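Trainee: I am new to this structure. Please take one part and walk me through it closely.

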Amino acid sequence: MFRTIPVLLLYLLPCHYSVSETQSGTDHIQQTGKVIYQQGLLSDGKPLTAIGQGGIQLTGKQVTCANCHRRSGMGASEGEIISPAITGQILFNPRETSYKQLAYTRKEGKGVRPAYTEEDLRQAIRDGIGADGRNLDSFMPRFELTSDDLDALIAYLKVLGNKEAQGVSEEYIEFATVITPDVTDAKKSAMLSVIQTYIDDYNSGTRHEKRRADYSPWHKTWHYGSYRKWRLHTWQLTGKPDSWKQ
């Protein structure tokens, strides 16, 4: 049997949470916010609702924060649409743009903003107004949240991304494939060839993103700078199955 397991993705698999199972106090509030962020469920078990682009009513999993900003909070992009990173460390610090060739940092204008406060975040989530007072993109839904649920979501955003991401360094995202002893050399070679070809193809495209990180427009330097190459590790299991976990 041949098993392919991207190590990083083990931390991104869907999980089901129950607020009733969490601890009291701060942990309980953060867990409530986590369920809102990942599953679109409010503290009373009802689905999250929001007004989307064009005044369309959205609900539940259609409008979870993780859909656009990802479970990691590190954001995503599709064409010209960019969902920025919203981890606590990023939100509560100013976003400035550095132009390396000029050794200059720009603190005003498009693509930069002051650090968010809790009140700023409430306004951004409910009304779509950013920390700099400008309207957020219309793709950002305007969420309908009670004060308690909004506080819980903000409490979770504060700690989102605080844990060191396993398998991620400044240059690489590490993946591993696990091979059991009964796999023939031919099957092993064939599968590793497919996986490595895919990774090589991805990395060949990433070189463009790394170039953009160095020479990108002011307002996209922060976005392209997050790209990493992928690297594959092969874990060859030996011995009896009951020893594999160790």
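Mentor: Here is a close look at one helix and the helix it crosses.

This is a predicted model, where local features need pLDDT of at least 70, side-chain atom pairs count only at pLDDT 80 or more, and totals for chains, interfaces and linings use all residues. Residues are numbered from 1 along each chain as its sequence is written, and side-chain values use heavy atoms, with hydrogens and water left out.

Start with the whole chain. It has seven helices and ten strands. Helices (H or I, at least four residues) and strands (E, at least two) are DSSP runs, numbered from the N terminus. Of the 246 residues, 33% count as buried. Buried means under 20% relative accessible area, exposed over 50%, and partly exposed in between (1.4 Å probe, protein chains only). Take the contacts in the chain with a separation of 6 or more: residues 24 or more positions apart account for 60% of them. Contact means heavy atoms within 4.5 Å.

Now the part itself, helix α1. Helix α1 covers residues 26–39. At 1.5 Å a residue, its 14 residues should span 20 Å, and the end C-alpha atoms are 20 Å apart, so the two agree. The expected span is 1.5 Å times one less than the number of residues. Buried in α1 are Q31, T32, G33, V35, I36, Y37, Q38 and Q39. These buried residues pack against α2 and α5. Just after α1 comes G40, with a positive phi of about 70°.

Look at Q38. Q38 lies in α1. Its relative accessible area is 13%, so Q38 is buried. The Q38 side chain makes a polar contact with the side chain of R71, at 3.3 Å. A polar contact is a pair of N or O atoms within 3.5 Å; within protein, one must be able to donate a hydrogen and the other to accept it, and residues adjacent in sequence count only if both atoms are side-chain atoms.

R70 sits in the loop between α2 and β4 (76–78). R70 is not a glycine, although it has a positive phi of about 70°. With a relative accessible area of 41%, R70 is partly exposed.

Turn to the partner, α5. Helix α5 has 13 residues, 147–159, which should span 18 Å at 1.5 Å a residue; its end C-alpha atoms are 19 Å apart, which agrees. D149, L150, A152, L153, I154, A155, Y156 and L157 are its buried residues. They pack against α1, α2 (65–69), α3 (88–91) and α4 (118–127). Just after α5, G161 takes a positive phi of about 85°.

How do the two helices meet? Two packed helices are described by the angle between their axes and the distance between the axes. α1 and α5 pack at about 90°, with axes 7 Å apart. That makes α1 roughly perpendicular to α5. Axes are lines fitted to C-alpha atoms, for helices over the stretch in contact, and angles run from 0 to 180 degrees between N-to-C directions. Angles under 35 degrees count as roughly parallel, over 145 as roughly antiparallel, 65 to 115 as roughly perpendicular and the rest as oblique.

The α1 side of this meeting includes I29, G33, I36, Y37 and Q38. Among those on the α5 side are A152, L153, Y156 and V159. By class, the contact has nine nonpolar, four polar and three charged residues. Ala, Val, Leu, Ile, Met, Phe, Trp, Tyr, Cys and Pro count as nonpolar, Asp, Glu, Lys and Arg as charged, and the others, Gly among them, as polar.
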